[in-house]
Each structure stands twice: as structure tokens, then as C-alpha cells.
Amino acid sequence: MSKRVLVLVGTNKGVFFYESNEDRREWSLKGPFLSGWEAYSVFGDGRSGRLFAGTSHAAYGPSIRVSDDFGESWTQIEDSPSFSQESGFSMNRIWQIAPGHESEPGTLFAGTEEAGLFVSRDGGDHWRELDALTKHPTRPNWFPGAGGMCLHTILVDPRNAKRMWVAMSAVGVFRTEDGGETWQPRNVGLARVPTGQPYDEVGYCIHKMVLDPANPDTLYMQEHGGVFQSNDGGDSWFPIEEGLTMKEGDMPFGFPIVVAPNGDLFLAPLESSELRTMRDGKLLVYGRSRGDDAWAPVGDVVPDEQRHVSVLRDAMAVDGLDSYGVYFGTTSGEAFCSIDRGRTWTRLPGQLSRILSVKTWVLEA
């Protein structure tokens with residue numbers, strides 16, 4: 001049966017869809033949906049066919065919206081994630097919506113700002129806080145990064161539904177072995193950021209983290225201070241930056257990192273933490289193939305033009321097809337696709353507003 005490929009794009013002015021068949025050579029653009037709302041997270045749940053968006057608005061605040069007809073209509077979840085008044089925390093954004101373990105088809109997780117983790121056991125209709133994380137003994141020493149104190153990454157071990165990792169800026173990585181009843185910081189070897197807290201357990205500005213598809217004890221991350229790998233489930237980390245600093249002055253700084261089904265890695269390095277734009281205006285994506293020791297530019301996306309833009313932490317994605325596609329969106333509202341491991345790129349139609357999130361959803365046609 002043929003495939004239908006959707007690229008779900010969240011922007012600061014609503015949600016858009018790119019659609020193609022499995023050849024991914026011709027694309028159509030649909031939207032905007034939820035026009036005027038920020039969408040920091042978009043997720044298509046292949047288990048239920050439901051489409052989720054984590055939305056926020058300066059006047060109306062944050063909430064989760066759901067569509068059961070591919071965006072034609074949306075319902076606001078009344079029991080969206082929220083902190084109790086007693087906690088003293090404020091709900092600012094829904095940064096991530098992620099599926100639970102395949103053995104729990106009704107389970108979803110949501111990561112928020114201020115940093116918190118919420119779970120739904122009924123397909124997204126009701127949410128409750130996993131408050132062992134926000135009540136962690138290190139919590140008084142959590143401080144935000146420049147983008148806020150956000151829980152932006154949720155990873156579930158495919159071998160064990162109770163084993164999970166979360167990553168927060170500018171707090172660090174935490175792991176649970178018991179479904180969220182207890183959490184342990186897992187930040188040994190990372191570079192701390194100067195947020196003022198006195199304890200080494202926290203204070204790590206994780207930008208994005210992914211799980212190796214073949215070995216769930218291997219994780220990769222783009223962190224404020226560099227790019228790191230763990231081979232022991234996060235117990236320790238070491239840098240993997242060879243090839244990212246090709247000339248004097250280059251920094252291994254950036255936001256997104258994604259992993260393909262075969263283990264290939266991609267990221268989009270920027271000039272520096274201060275400038276946060278593409279090096280020399282060149283829109284370059286870097287790749288690291290499984291088995292290689294070094295990163296290398298895999299394709300100049302627009303070789304004849306300068307692009308002084310950024311790619312945000314959740315604005316890059318890989319689809320799950322056998323010959324996988326790589327996608328990303330920029331802060332200037334352009335989206336790009338490669339179906340040859342980044343060697344050549346296609347600019348997807350339309351000029352959107354600031355792209356916050358890019359996710360893929362592959363369906364049976």
C-alpha cells in the first residue's frame with residue numbers, strides 16, 4: 001500500500017502541513033490552522049489518527065488542541081496540562097507532545113514551560129502532572145536558559161515502558177526507571193552553564209536529545225557547550241565534535257539534532273551562542289553517518305544565496321521511510337527537504353512565519 005507523508009510545521013502564527021506521496025518530490029501546502037496561535041509542538045499520533053498541537057497565546061495562555069479530521073476542525077482539551085496553584089509554577093508553553101511505549105497505546109506525554117512533565121492515559125483527553133520531577137530535591141536550583149525553563153525532550157526506552165529520559169533547559173537530563181515515580185540527574189561529563197546554582201547535579205543547558213534506534217543505551221545531544229554522546233543510558237557523556245569546528249573561531253553550537261532510522265545523525269551548527277545565525281550566511285546541514293567518527297557538511301542547501309537565519313531546537317525531523325527524508329524549517333519561515341541523506345535539498349512551497357517545530361507523520365494512503 002502506498003504511503004502518505006505529512007510534514008507538520010508549527011509556527012508563531014499557526015500550524016501548516018506539507019503533504020506528498022512516498023516519492024516526496026511534489027509537495028502541497030495546507031493551512032494555516034489555528035491561525036494566530038504559537039505552536040511550539042505538533043504531533044500526529046499514528047495509533048489513534050489524532051493530531052495534537054501545543055498552542056499558546058499572549059492573551060489566552062497555553063493549551064493542547066486536538067483534531068480528529070487532519071486539521072479541518074480543532075477542539076481545545078479542557079483538561080490540558082496545568083500546575084496546581086500550590087506549586088507556585090506557571091504554565092507558559094507546551095514544548096513537546098510525545099507518545100508513550102508501544103505497549104501503552106493510549107499514553108501520551110507532554111513537556112512544558114515552566115519545566116514539568118504530564119501524562120495522559122486516555123489518548124490525550126485528560127492530563128496529570130508527574131510531580132516527582134517538579135518536586136525533585138534539586139528543583140530549587142533549576143534556572144531557565146535564554147529560551148525559558150522548558151522540558152523539550154521526552155524519550156521512552158522501547159525495551160521498557162517505565163524507563164524514560166527527559167531533557168530541560170537550562171537544567172539537564174533526568175532519567176526514571178519506574179515510570180516517573182523517582183528521577184535521577186544524568187549529567188556527568190557535560191558542560192555546565194553559569195546560571196548561579198551551587199550544585200553540580202544540575203545547570204546544564206540541553207538544546208535537544210535523541211535516542212539511538214538500534215541501542216537505547218546510546219543517546220546523542222546538542223548542548224549549549226557542544227555535541228555529546230552517552231553509551232550507558234546517560235550515566236556519562238563525552239563530546240563528539242570532530243569536524244564541527246572546521247576553521248578557527250567555529251563553535252559546536254546549535255539547537256537541533258536528529259537521528260535517522262539507520263542511526264545517521266544530522267544537525268545545523270550556528271556561528272556562536274552570541275550571534276545564533278548560520279556561519280558566514282551559509283545554510284549548511286552537517287551529518288555523521290553511523291560508524292563514522294567525524295561530522296561533515298552534507299549539502300549546501302541554497303549555495304547561491306546567503307541565509308542569516310537559525311534552525312530552532314525542534315525544527316528538524318526525519319521520517320521513518322526506508323529511504324528516509326530529512327526536513328527542517330528556519331526562523332525566516334522557509335522549509336526544506338532532502339531525500340538523499342542531505343546531499344541535495346528541495347525548498348518546500350510557501351513562505352511561513354517563524355518556524356518553531358517540524359514533525360513528520362507517515363500514513364497509509
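Predicted model: local features only at pLDDT ≥ 70, side-chain atom pairs only at ≥ 80, totals over all residues.
Residues are numbered from 1 along each chain as its sequence is written, and side-chain values use heavy atoms, with hydrogens and water left out.

View 1. Helices (H or I, at least four residues) and strands (E, at least two) are DSSP runs, numbered from the N terminus. The C-alpha trace spans about 55 × 50 × 40 Å along its principal axes. The radius of gyration is 19 Å, which agrees with the value near 21 Å that a compact globule of 365 residues would have; this radius is taken over C-alpha atoms, and the globule rule is 2.2 Å times the number of residues to the power 0.38. Of the 365 residues, 57% are buried, a term that means under 20% relative accessible area, with exposed being over 50% and partly exposed in between (1.4 Å probe, protein chains only).

**View 2. The open sheet formed by 4 strands in the order 4-5-6-7.** The pairing in this sheet is antiparallel, and two strands are taken to pair if DSSP finds at least two bridges between them. Strand 4 (38-45) and strand 7 (75-76) are the edge strands, each pairing on one side only. Strand 6 (residues 63-67) is joined to strand 7 by 2 bridges, and Val66 stands opposite Thr75 in strand 7.

View 3. Leaving aside neighbours within four places in sequence, Val7 is in contact (heavy atoms within 4.5 Å) with Phe16, Phe17, Tyr18, Trp27, Tyr327, Val358 and Lys359. Although Val7 and Cys337 are 330 residues apart along the chain, their C-alpha atoms are separated by 9.7 Å.

**View 4. Arg288, a buried residue without a salt bridge.** Arg288 lies in strand 22 (residues 284-288). A salt bridge is a side-chain nitrogen of Lys or Arg within 4 Å of a carboxyl oxygen of Asp or Glu, and the nearest side chain of opposite charge to Arg288, that of Asp293, is 4.9 Å away. For charge, Lys and Arg count as positive and Asp and Glu as negative, while His and the chain ends are not counted. Beyond its neighbours within four places in sequence, Arg288 is in contact with residues including Tyr220, Gln229, Ile240, Leu265 and Trp295.
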